[in-house]
Amino acid sequence: MKLAGLKSIENAHDESVWAAAWVPATESRPALLLTGSLDETVKLWMPDELVLQQNNTGHCLGVVAVAAHPSGIIAASASLDSFVRVFDVDTNATIATLEAPPSEVWQMQFDPKGSILAVAGGSSASIKLWDTATWKLIDTLAIPRPESSKPTDRGGNKKFVLSVAWSPDGRRLACGSMDGTISIFDVNRAKFLHHLEGHYMPVRSLVYSPVDPRVLFSASDDGHVHMYDAEGKSLIGAMSGHASWVLSVDVSPDGAAIATGSSDKTVRLWDLNMRAAVQTMSNHADQVWGVAFRPPGGAGVRAGRLASVSDDKSISLYDYS
Amino acid sequence: MADLCRSSTFFSDQNLCNADIIGSSEARARIEVAVLNFLKILNSPSPAISDLPLISRRWSNSRVNRGLLTEVSCIFLSHSFCTRSLMRPNAAKAFVRVWKVVEMCFQILVQEKRVTQRELFYKLLCSSPQYFTCQLQVNRTIQDVVALLRCSRYSLGIMASSRGAVTGRLLLQEPNQETVDCSACGSSGHAISGDMNLLERMVMKTDARYIIVVEKHAIFQRLAEDRVFNQIPSILITAKGYPDIATRFLLYRMSRAFPDLPILALVDWNPAGLAILCTFKFGSIGMGLEAYRYACNVKWLGLRGDDLQLIPEESLIPLKPRDLQIAKSLKSSEILEENYRNELEVMVQSGRRAEIEALYFRGYNFLGKYIAKKIVQANYV
């Protein structure tokens with residue numbers, strides 16, 4: 001497996017690009033790349049030439065996360081002003097605006113069926129679940145406070161929830177906190193199941209394997225990428241190699257490889273059979289905040305694509321094969 | 001007597017099948033009856049999953065109503081049924097879709113809200129992703145529900161979106177609101193609301209002598225900017241393409257309120273333009289249940305075959321396969337009159353089409369002069 005650089009856009013945004021997600025292909029158009037930046041805009045790009053399709057403005061502070069509905073029709077963008085804006089991808093019409101208290105909106109992801117939007121709740125130490133048909137808050141999954149803590153130590157910054165990931169069957173939700181713990185929830189019963197230990201620094205990105213519903217990958221500021229058996233609560237493997245914080249991890253649609261972006265300015269491709277990095281791409285000039293594999297599907301699409309976005313305001317597209 | 005004049009050949013009304021405009025409590029009642037009937041058959045001694053009987057929206061079920069005492073002919077749908085059945089493997093999803101939309105409409109009616117088709121699509125996409133993947137499916141299913149319950153979309157709580165625009169010498173007043181002077185609305189005109197109830201209650205005043213229906217938004221804007229409606233006292237209306245029900249309804253209301261004003265259409269010289277003209281004039285099959293009433297006596301002002309001498313040879317572009325398809329379906333319609341049929345023949349034979357913009361070859365204000373000349377010469381069919 002390898003990555004080959006296809007296209008890079010310098011100055012894709014006016015400021016650092018913090019978030020990237022692919023919008024799945026629909027019947028009328030191929031998959032698009034959605035990027036969000038500190039410059040308060042969200043942009044849509046058409047592969048492979050990365051032609052700018054749309055520029056959405058309206059957020060008041062930097063855009064911290066973007067997510068796309070599995071149907072490819074709707075997408076959401078979240079910003080530091082703690083608003084989540086849900087919009088129609090093709091027309092940019094606003095469908096809903098979800099409000100939350102300050103610093104309680106971080107990463108988010110739609111569930112595989114598209115009926116729930118899970119938003120990492122930041123300082124609220126919880127995940128908020130929004131129903132996508134009515135846009136009402138249906139549940140808040142709270143991380144239980146450790147027994148020994150003092151009453152005033154209200155999770156404070158320890159359990160600050162940064163990232164979320166859905167299991168491919170939609171039954172489990174994982175979230176990563178600033179103290180390095182990963183919490184697993186059973187969604188149907190809205191119950192906390194257990195913690196996954198291993199990291200000691202913020203877990204900024206999580207992703208479940210598409211081929212094995214128990215396997216969860218996590219990227220942490222400690223420079224390692226961990227592979228967990230989320231049901232059995234055990235650490236299967238750890239991959240090291242990045243020189244600095246690992247900011248983002250994504251798994252390829254065939255489940256054979258993962259890609260990571262780091263603050264050491266590189267993107268690495270890891271082979272899961274060998275549990276080692278097989279390739280390092282160094283074309284970015286600053287921290288790589290997000291990596292995302294294009295989801296399968298769409299007319300005439302054979303090749304895999306990986307996108308990476310960086311603090312250097314650029315977006316890169318690679319061919320994955 | 002006036003109603004008798006407006007009505008058709010006396011017996012054809014018995015064949016006519018229409019969608020009623022009913023209040024929300026009656027719509028809910030119809031939904032409840034449909035569900036109860038379904039459950040009754042399911043619970044009966046010989047249980048069965050009944051098929052859904054929908055009024056067929058095909059050419060085979062359409063009839064033509066030729067106005068005897070009026071000049072308005074229209075297409076309406078008769079009582080032929082098609083069914084949606086859970087038993088046929090390929091059509092099972094369509095069956096379920098109808099019930100999902102019925103459920104959604106019931107909720108909307110209970111909450112006394114109004115939603116657009118697009119909003120309904122978002123809700124259905126998120127709540128039943130395995131059944132709905134695109135807007136077209138939702139629109140078709142809504143038409144199925146209209147055909148099942150025999151009531152208009154509006155009665156189900158589905159609002160039409162605002163698409164058309166109107167400008168010119170027209171004063172519109174919503175009850176208890178300020179009067180809007182359409183000529184002062186700028187070059188895009190006054191947007192026609194999608195709310196049929198609102199359009200029903202609007203009070204209209206005019207001193208115009210003609211109503212001009214324009215196919216394309218760009219032409220509408222050009223005419224509005226040049227204030228053509230002051231040179232020729234007129235009202236300009238456009239649906240920005242294929243007419244939506246709100247624009248058709250407003251045109252119909254104008255034709256009833258100001259019966260002396262001839263309605264003239266300005267469309268491109270191609271089968272699609274003629275199809276747009278015919279939809280305003282006769283109605284359509286797709287919306288036949290609801291919108292058959294809104295047919296108006298629209299006359300064809302331009303572009304027509306004899307205007308081709310005004311435009312240069314190079315502006316004639318070849319017909320696309322889609323145009324030929326539209327031409328074929330128009331030709332098979334029995335409602336098309338002789339001279340329209342001849343024009344269509346000429347279009348197909350020459351294999352070319354022309355757009356109204358071709359008239360700009362002679363200068364940007366030629367369009368206004370062209371319209372004025374044709375109106376003065378009463379050169380419309």
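## Contacts between chains A and B

Contact here means heavy atoms within 4.5 Å. By that criterion, 12 residues of chain A are in contact with 10 residues of chain B. The model is predicted: local features need pLDDT of at least 70 and side-chain atom pairs count only at pLDDT 80 or more, while totals for chains, interfaces and linings use all residues. Residues are numbered from 1 along each chain as its sequence is written, chains are lettered from A in the order in which they are written, and side-chain values use heavy atoms, with hydrogens and water left out.

Chains A and B bury about 900 Å² between them (accessible area, 1.4 Å probe, lost on being put together and summed over both), with 64% of it on carbon and sulfur atoms. Glu27(A), Ile73(A) and Ala133(A) supply 42% of the area that chain A buries against chain B, more than any other three residues.

## Salt bridge

The count between the chains is one salt bridge (side-chain nitrogen of Lys or Arg within 4 Å of a carboxyl oxygen of Asp or Glu). The side chains of Arg118(B) and Asp88(A) meet in a salt bridge at 2.3 Å, N to O.

## Helix 8 of chain B

Helix 8 of chain B spans residues 217-225; helices are DSSP runs of H or I with at least four residues.

Just after the helix, Arg227(B) takes a positive phi of about 50°.

Conventions. Buried means under 20% relative accessible area, exposed over 50%, partly exposed in between (1.4 Å probe, protein chains only). Helices (H or I, at least four residues) and strands (E, at least two) are DSSP runs, numbered from the N terminus. Buried area is the accessible area (1.4 Å probe) that two parts lose on being put together, summed over both.
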